[in-house]
Amino acid sequence: MPEEINLEIYNADPLTEDVSDEATEAAPKTYAPLDAAAESQADLSAEMKAIGEAYAQALKNGAPAETQPRLDYAPYRSSVLRHPTKDLHHADPETIELYSPAFGHMDVHALEADLTIQHNGEPLGERIVVSGRVLDGDGRPVAGQLVEIWQANSAGRYIHKRDQHPAPLDPNFTGVGRCITGADGSYSFTTIKPGAYPWKNHLNAWRPAHIHFSLFGQEFTQRIITQMYFPGDQLFPLDPIYQSIVDQDARDRLVATYNHEQTKPEWALAYNWDIVLTGSKRTWTENEALGAEGDDHE
Amino acid sequence: MSKLTPTPGQTVGPFYGYALPYAKDRELLAPGSPGSIRLQGTVYDGAGHPIPDAILEIWQADADGKVPHRTGSLVRDGYTFTGFGRSAVGNTGDFTFTTVNPGPTEEGAAPFIAVAVFARGLMNRLFTRVYLPEDEEALAKDPLLSALAPDRRRTLIARRDADGGLTWDIRLQGDGETVFLDFSDAEGASK
């Protein structure tokens, strides 16, 4: 099952190395033949529906609402052998886990938040600004922390050799960005709206357009990697990754809001998405509470 | 008590390889430098096969047990110990970090390294710990370890290699399944 990984692409620095030509050569020239053994969307949809109905019934019977994805969610076939079968062990975080790695402006250049200026030309697609705030479970801003994103281009293609989708690469778009949150927990990325893309979970499986987000809090226990989606996507009910969150309110927390007020005339559409990390277990220092930025080399 | 409901996690997916890794991501200090050790292991799935598309992060105290508060993990200067590292596994599921043995963060505490595990097919990140094997008295008193059955406890303790390094494997499922941790106290957390 291990697919080949090209380490040159795998480890490339997207800001200094242009890896797109090599990946272009790897693209198949025609559509991959349909796999006769693959399961249909109808099979998968029926499975997802049954899980959803069982959850709805459990809610009715008084079970608490689930806020996170199921680790054991068979409709995402790759999860079958990759989820723990034993319950997660409840633990109280200890000293090191009550703090987070510190990132700052020596780690991330301000220009890394603009994914449309990393090459010589303008990337193709719909220019968007995605912004919001990172908050902890008590509503406090997570200031001076690292946000990393990655995404497909407007045609639904990732710069990664393992992405064999025969959609064009964009020589002007890598699809990787970083920023450090402001004192109010704010972040903002300028990018291109990613396209939907096919994956081989089942026959005719398509991922809704999404941007991967990686976030750090003020405590290591708040670490999270997730995906942001766009409102109104018709692929939501069909996608086992989105549906692995069985609770509709919880799913909705991954969907950005279109914000016309922030849309830049003649330039870019705007979306807002706030991210809430888990609650804090530690009393914050004054600097953290005031939202001081991350660099502390003194 | 939390007032806001946390945003759900999602799988890291297959295509993080051009986004999350960075130069010297797994070198918390330079390989071969005084005090450096190798932390290595393999990530396995429920069939006992190595997983080629997992990525791990470690976060730890320094050799004196102090929690680092220094930035610079993404652009390493070769001198500053930030306590954070990231290692994507290779085709054979192997990961390697160069780091130091963490000291105890409190008098008598068992030193360990905090770990976050991400993988394609893993719906949400998993937290775990890797303990140093030496201080048996501290290990016996450790609140987490002492709450575990012996066969479960074993999954969190590294082996000391002849070269001074640590070997520790992660099993996402099945025989010898690694103990993964839930730090939340809210209802409705991952099951």
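1. Buried residues account for 51% of the 191 residues in chain B; a residue is buried if 20 or more other C-beta atoms, placed from the backbone, lie within 10 Å of its own. The model is predicted: local features need pLDDT of at least 70, side-chain atom pairs count only at pLDDT 80 or more, and totals for chains, interfaces and linings use all residues. Residues are numbered from 1 along each chain as its sequence is written, and chains are lettered from A and ligands numbered from 1 in the order in which they are written.

2. Chain B contains 2 helices and 10 strands, in the order β-β-β-β-β-β-α-α-β-β-β-β from the N terminus. Its radius of gyration (over C-alpha atoms) is 17 Å, close to the 16 Å of the globule rule for 191 residues, so chain B is as compact as a globular protein of that length. That rule is 2.2 Å times the number of residues to the power 0.38. Helices (H or I, at least four residues) and strands (E, at least two) are DSSP runs, numbered from the N terminus.

3. Along the principal axes, the C-alpha atoms of chain B fill a box of roughly 45 × 40 × 40 Å. Of the contacts in chain B with a separation of 6 or more, 71% join residues 24 or more positions apart; a contact requires C-beta atoms, placed from the backbone, within 7 Å.

4. An unreviewed UniProt entry annotates residues 13-174 of chain B as "domain: Intradiol ring-cleavage dioxygenases". Such annotations may be inferred rather than shown by experiment. The span is 6% helix and 28% strand, with its end C-alpha atoms 22 Å apart.

5. At the interface, 79 residues of chain A are in contact with 70 residues of chain B. Elements of chain A that each supply at least two residues to this side include helix 1 (7-10), strand 3 (146-151) and strand 8 (210-215). Strand 9 of chain A gives the largest share, 4 residues. The side of chain A that touches chain B has 39 nonpolar, 23 polar and 17 charged residues. Nonpolar means Ala, Val, Leu, Ile, Met, Phe, Trp, Tyr, Cys and Pro, charged means Asp, Glu, Lys and Arg, and the others, Gly among them, are polar.

6. Strand 1 of chain A pairs in the parallel sense with strand 10 (residues 181-182) of chain B over 2 bridges; pairing requires at least two DSSP bridges. H89(A) has L181(B) as its bridge partner in strand 10 of chain B.

7. On confidence, chain B has a mean pLDDT of 94, with 95% of its residues at 70 or more; pLDDT is the predictor's confidence in each residue, from 0 to 100. Over residues 186-191 of chain B pLDDT stays under 50, and the model has 15 contacts beyond four places in sequence for them. The predictor gives the complex an ipTM of 0.95 and a pTM of 0.90.

How values were computed: Two residues are in contact if their C-beta atoms, placed from the backbone, lie within 7 Å. A residue is buried if 20 or more other C-beta atoms lie within 10 Å of its own, exposed if 12 or fewer, and partly exposed in between; C-beta atoms are placed from the backbone.
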